[in-house]
Amino acid sequence: MTRVLSVTSECAPLIKTGGLADVAGALPLALAGQGVQMRTLLPGYPAVMAQIAGAGVVWETDDLFGGPARVMAAEIAGLHMLALDARHLFARAGSIYLGPDGLDWPDNPLRFAALSQVAALLADSGVADDTAGGWRPQVLHCHDWQAGLTPTYVQIFGTAVATVMTVHNMAFQGLAPVAMLDALGLPSAMFTSDGIEFHGRISALKAGLVHADALTTVSPTYATELMTPEYGMGLDGVIRARAGDMTGILNGIDGAVWDPAGDAHARQFSTRKGKATATAALRRDVGLPATGGPLAVVVSRLSQQKGLDLLLDALPAFLDAGGQLALLGAGDAGLERAWRAAADHPSVVVRLGYDEPLAHRMIAGGDMIVVPSRFEPCGLTQLYGLRYGTVPVVARTGGLADTVVDANDAGLRAGVATGLQFAPVTADALARALARAVALYAQPSIWNTLVRNAMRHPVDWQASAAQYAALYRRLTDPP
Ligand code: ADP
């Protein structure tokens, strides 16, 4: 058994704002069959503490960046959770990352440095649980900038543990003013351009990329994209310098949560004619009339990354061709306004907010799911779409390029097509892809083949979990 501590700022089903939570929640279960024992260290936000009430204390300190802290262990939903209970850092209402003003909590650098430092300390001392002699991880698996300083603290403390840094999204880098070096317990000697400095500031993500033993990101295409100035967001040089240590490992999805045959939120699917029933149910649910055209869905954060402004521009032609659209999303105020206005059209329904059950019903009921991201490290909703026979229409970038096979003539003839890709990522190219989708939808034998191919495409964790397990083993038993 390889013992791995996953260090993450969110983890489904306890606390989720995006795909990172899904991955952190699913990976330990997928790895259990691969000889890996994974525990998960997560900040003790109020929502987390409420769910682990009654857990035992396995580690504590009087002073973690200005206040007492302890780690509580509990098993929840099959996961071995270690919650970092530090009231001065995490006991606050609202978003886990943003204050009431919609901006990052000003002490975010400290909050997540604390998480990272405790991971390094736990690797040194071990966790005093019921395991004989305590449980000591051999690998710390650090997710995104919030865990980015972990490998740096490991280095500072001289802890004997291997570290893996995974980039789920290069756009979030965890920058902090240089004046915080002391407060974060970071020696100024590390503040160099080949260390933790990023243009005059401390970068937690860069620190992880520089100091971790191995790097991964969530798709092979994103791994290569990260080496380019276009996608590397200023850190492409760091990734290029460590190209030999970087692996792209695709995310899978939790097949028990996203299961067309047993979806707790979209039961219609359990019948043989499930897809048509789910589509009819979704139309009733959101108040769209039945038509002969396809129903497209979107479930997404509304941010510049996701390219939903491009969809606004491509929409009129799609609607003129008989398409309908249902969008579920939340985020950027300008995009929310624009989408609210788009919903004036009788064939467009927009639900603003975060709604897990509705996300399931939309993905179960859509004929196609549109993901026009400008960049997409992996993307999960196109994977849900594949599983539910909701044909993905995606930008050819990152994990979208790796998981969807375009329904061009060759792809259709070879019987491998699962969706539609478009490039470049522009409104025109998206409009053309949507026009192709409408034309294919009008040919039921071709469309049904596409749906069947999509549903057969493997989207589970099996292959990827094996890759992570092999990576951990490589780090713990070097040849
Ligand atoms: P990202 O992590 O960049 O937001 P991903 O595609 O990797 O993108 O993961 C997004 C996750 O969040 C998916 O599980 C998706 O279903 C979910 N999601 C996004 N927006 C919403 C929403 N408004 N309501 C419910 N679930 C949502």
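**Entry 1: helices α10 and α13**

I looked up how α10 passes α13 and recorded a left-handed crossing (left-handed if the near helix is turned anticlockwise from the far one by less than a right angle, right-handed if clockwise). The model is a predicted one, in which local features need pLDDT of at least 70 and side-chain atom pairs count only at pLDDT 80 or more, while totals for chains, interfaces and linings use all residues. Residues are numbered from 1 along each chain as its sequence is written, and side-chain values use heavy atoms, without hydrogens and water.

I noted that helices (H or I, at least four residues) are DSSP runs numbered from the N terminus, as are strands (E, at least two). The axes of α10 (residues 274-286) and α13 (residues 356-365) come within 7 Å and cross at roughly 130°; axes are lines fitted to C-alpha atoms, for helices over the stretch in contact, with angles from 0 to 180 degrees between N-to-C directions. The two helices are therefore oblique to each other (under 35 degrees is roughly parallel, over 145 roughly antiparallel, 65 to 115 roughly perpendicular, the rest oblique). On the α10 side, I listed Lys-275, Ala-278, Thr-279, Leu-282 and Asp-285 in the contact, meaning heavy atoms within 4.5 Å. Among the α13 residues they meet are Leu-358, Arg-361 and Met-362.

**Entry 2: helices α17 and α18**

I then turned to α17 (residues 427-441) and α18 (residues 444-456), which pack at an angle of about 110° with their axes 7 Å apart. That angle makes α17 roughly perpendicular to α18. Ala-437, Leu-440 and Tyr-441 of α17 make the contact with Pro-444, Ile-446, Trp-447 and Leu-450 of α18.

**Entry 3: aromatic rings**

I found nine aromatic pairs in the structure (rings of Phe, Tyr and Trp, the last by its six-membered ring, with centres within 6.5 Å; planes under 30 degrees apart are stacked, over 60 edge-to-face, the rest tilted). One of them, Tyr-45 with Phe-90, is edge-to-face, at 5.8 Å centre to centre and 80° between the planes. This pair links distant parts of the chain, 45 residues apart: Tyr-45 lies in the loop between β2 (36-43) and α2 (46-51), and Phe-90 in helix α3 (residues 87-90). Tyr-45 is buried at 2% relative accessibility (buried is under 20% relative accessible area, exposed over 50%, partly exposed in between, with a 1.4 Å probe and protein chains only). Phe-90 is also buried, at 0%.
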